[in-house]
Amino acid sequence: SAKITGKNTFAYFKPAMNDRIMEKIQNQAELRRAIEKKEFVVYYQPQIDLKTDKITGFEARVRWEHSERGILKPAEFIKLSEETGLIVPIGMIVIEEALKKLKEWQDKGYKDLTISINISVRQLKDNDFYHKVKDLIEQIGVNAASIELEITESVALQESEHARYVIEALNELGISFALDDFGTGYSSMNYLKIYPISNIKMDKSFLDTLFTDDFNKSIIESTIALVQSMNLTVTAEGIESCEQEQFLKSVRCNKAQGYLYSEALPADQAEAFLLSNR
Ligand code: C2E
Ligand code: MG
Ligand code: MG
Ligand code: MG
């Protein structure tokens, strides 16, 4: 067996791998600094009711306002955050900021506004997650029924008993759950029975096949019908064209999000959007 001691250690790594490890360590230190410097902020993408064309709520999306590199999207830091466990504190920053904003907007008269917040399976595995969320809801004084947490299939695939227990306990508080990225992986209707999910978020890539041929149209149409027959709602993601919207309305999809309406916006711009949509 290999001896991992002293200067022999590096003999086990190829130079390129060694560089990658060094880079990772540096990036991890940078993530920690960013948490301390409060560089993680929340952006908000409107969610539209396709029956009324009104905003029902926002999806919260984390952004890193990097002092040199500008505004960074999750693709640049979420994976490392998950690997290092730093998604736990970053995720709590997002939840706290988003719930405070929701409370502020509800107090301004948007009483029925909802917030959807993405969470990683790593956050659900944090032993304190349930209590931290419960405490925040009480401190901020927001209604749990206004909150939706978005989980992906990776939660189900990891088959963590603890994660499932946490989901059920949060659901009992009144929080609802959405299955994100539906139509990408091995989407199984089985998850919908196992977890207390009330909304399905159809992924952009799934919807982008819409007008390639009629067969794809019928797949999307029947998927929506099937999901709704189980008493769940459907949110279409990444809607960019009026044609897509028209089709989704014709097949009675419940909600939509996408650049057709707006990208994710900083809080003040999201509020202006809300006002203009009144
Ligand atoms: P997601 O929740 O499935 O978000 C969808 C992504 O598609 C978002 O990218 C959004 O900006 C983008 N998008 C929305 N509408 C359109 C459109 O019309 N056209 C196109 N081309 N793209 C559109 P974003 O914000 O970079 O987020 C990527 C992923 O990062 C999210 O996927 C989610 O899984 C994760 N994420 C975002 N915020 C958080 C967070 O606060 N916590 C955790 N744990 N994960 C997060
Ligand atoms: Mg999402
Ligand atoms: Mg999604
Ligand atoms: Mg996603």
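The paragraphs below take up the metal sites and then a helix.

This is a predicted model, in which local features need pLDDT of at least 70 and side-chain atom pairs count only at pLDDT 80 or more, while totals for chains, interfaces and linings use all residues. Residues are numbered from 1 along each chain as its sequence is written, chains are lettered from A and ligands numbered from 1 in the order in which they are written, and side-chain values use heavy atoms, with hydrogens and water left out.

The magnesium ion (ligand 3) is coordinated by Asp180 (OD), Asp181 (OD) and Glu237 (OE) at 2.1 to 2.4 Å, where donors are N, O and S atoms within 2.8 Å of the metal (3.2 Å for Na, K and Ca), and sites may look incomplete because water is not among the atoms. Along the chain these donors follow the spacing D-D-x55-E. Aspartate 180 also coordinates the magnesium ion (ligand 2), which lies 4.2 Å from ligand 3. Aspartate 180 is buried, with a relative accessible area of 7%, whereas aspartate 181 is partly exposed at 27%; buried means under 20% relative accessible area, exposed over 50%, and partly exposed in between (1.4 Å probe, protein chains only).

Helix H5 (residues 129-140) has 12 residues; helices (H or I, at least four residues) are DSSP runs, numbered from the N terminus. Its buried residues are Phe129, Tyr130, Val133, Leu136, Ile137 and Ile140, and they lie on the same side of H5 because they cover an arc of only 135° around the axis, the arc being that of the directions from the helix axis to the C-beta atoms. On the other side of H5, Glu138 and Gln139 are exposed.

Conventions. Helices (H or I, at least four residues) and strands (E, at least two) are DSSP runs, numbered from the N terminus. The expected span of a helix is 1.5 Å times one less than its number of residues.
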